[in-house]
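Me: I am new to this structure and would like to know what stands behind the words used for it. Could you take me through it?

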Amino acid sequence: MDVFSLKILASDKVVFEGKCEKMTIPCFDGEKGILAHHENILMATNVGITKFTPQGEKEQVYFTGLGFIEVLNNDVTFLVQTSERPDEIDKNRALEAKERAEEALRQKRSQMEYHHSQASLSRAMARLKATSKYM
């Protein structure tokens, strides 16, 4: 199978650097798949589940925060705010964050606070999905 170079960088660590067979990323309009020799792109990515298959290995799954991905000449660079494997996520903490965000949404607040609460809820839901589906 053809491969491409992949580098995933979170704000605090290098998540992965090496050859990869395929990748799926969360975008604002759904999921996008990347294979070798993908067209050149630069786009924003959403909070959600990122999956990739290193060359000759099993698929790896991560929860990733907001970010950007660049595909240029078969080299992929994925920059994200946060990145966690499902086994690194504290499910109880994610449930508490979900409840706090839902409560904040129920309260009538400013437009900015509403959007902040929506983002918090989205992160919590994606983290819970990662723990329930991939552990």
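Me: What does Ile 34 touch, not counting residues up to four places away in sequence?
Reply: Ile 34 touches Phe 4, Lys 22, Met 23, Ile 25, Ile 69, Val 71 and Val 76. Contact here means heavy atoms within 4.5 Å. This is a predicted model, where local features need pLDDT of at least 70 and side-chain atom pairs count only at pLDDT 80 or more, while totals for chains, interfaces and linings use all residues. Residues are numbered from 1 along each chain as its sequence is written, and side-chain values use heavy atoms, with hydrogens and water left out.

Me: Which residues touch the most other members of the largest nonpolar core?
Reply: Ile 34 is one of them, together with Phe 4, Leu 6, Ile 8, Met 23, Phe 52 and Val 76, in a core of 20 residues. Such a core is a set of buried Ala, Val, Leu, Ile, Met, Phe, Trp, Tyr and Cys residues joined through side-chain atoms within 4.5 Å. Strands β1 (4–10), β2 (14–27), β7 and β8 (75–80) each supply at least two residues of this core. The largest share, six residues, comes from β2. Strands are DSSP runs of E with at least two residues, helices are runs of H or I with at least four, and both are numbered from the N terminus.

Me: Why is Ser 83 called buried?
Reply: Buried means under 20% relative accessible area, exposed means over 50%, and partly exposed lies in between (1.4 Å probe, protein chains only). Ser 83 has a relative accessible area of 5%, so Ser 83 is buried. Ser 83 lies in strand β9 (residues 83–84). Among the residues that Ser 83 touches are Ala 10, Tyr 62 and Phe 63.

Me: What makes β7 and β8 a pair?
Reply: Two strands pair if DSSP finds at least two bridges between them. Six bridges join β7 to β8, which run antiparallel.

Me: Why is the contact of Lys 7 with Glu 17 called a salt bridge?
Reply: The term asks for a side-chain nitrogen of Lys or Arg within 4 Å of a carboxyl oxygen of Asp or Glu. For Lys 7 and Glu 17 the closest N and O atoms are 3.6 Å apart, which makes a salt bridge. The pair links distant parts of the chain, with Lys 7 in strand β1 and Glu 17 in strand β2, ten residues apart. The structure holds four salt bridges.

Me: Is Lys 7 partly exposed or exposed, and which of these is Glu 17?
Reply: Lys 7 has a relative accessible area of 30%, so Lys 7 is partly exposed. Glu 17 is exposed because its relative accessible area is 56%.

Me: What separates Glu 103 and Arg 106 in helix α1?
Reply: They are three residues apart in helix α1 (residues 91–106), so about one helical turn separates Glu 103 and Arg 106. Their side chains meet in a salt bridge (3.2 Å, N to O). Arg 106 counts as exposed because its relative accessibility is 55%, whereas Glu 103 is partly exposed, at 36%.
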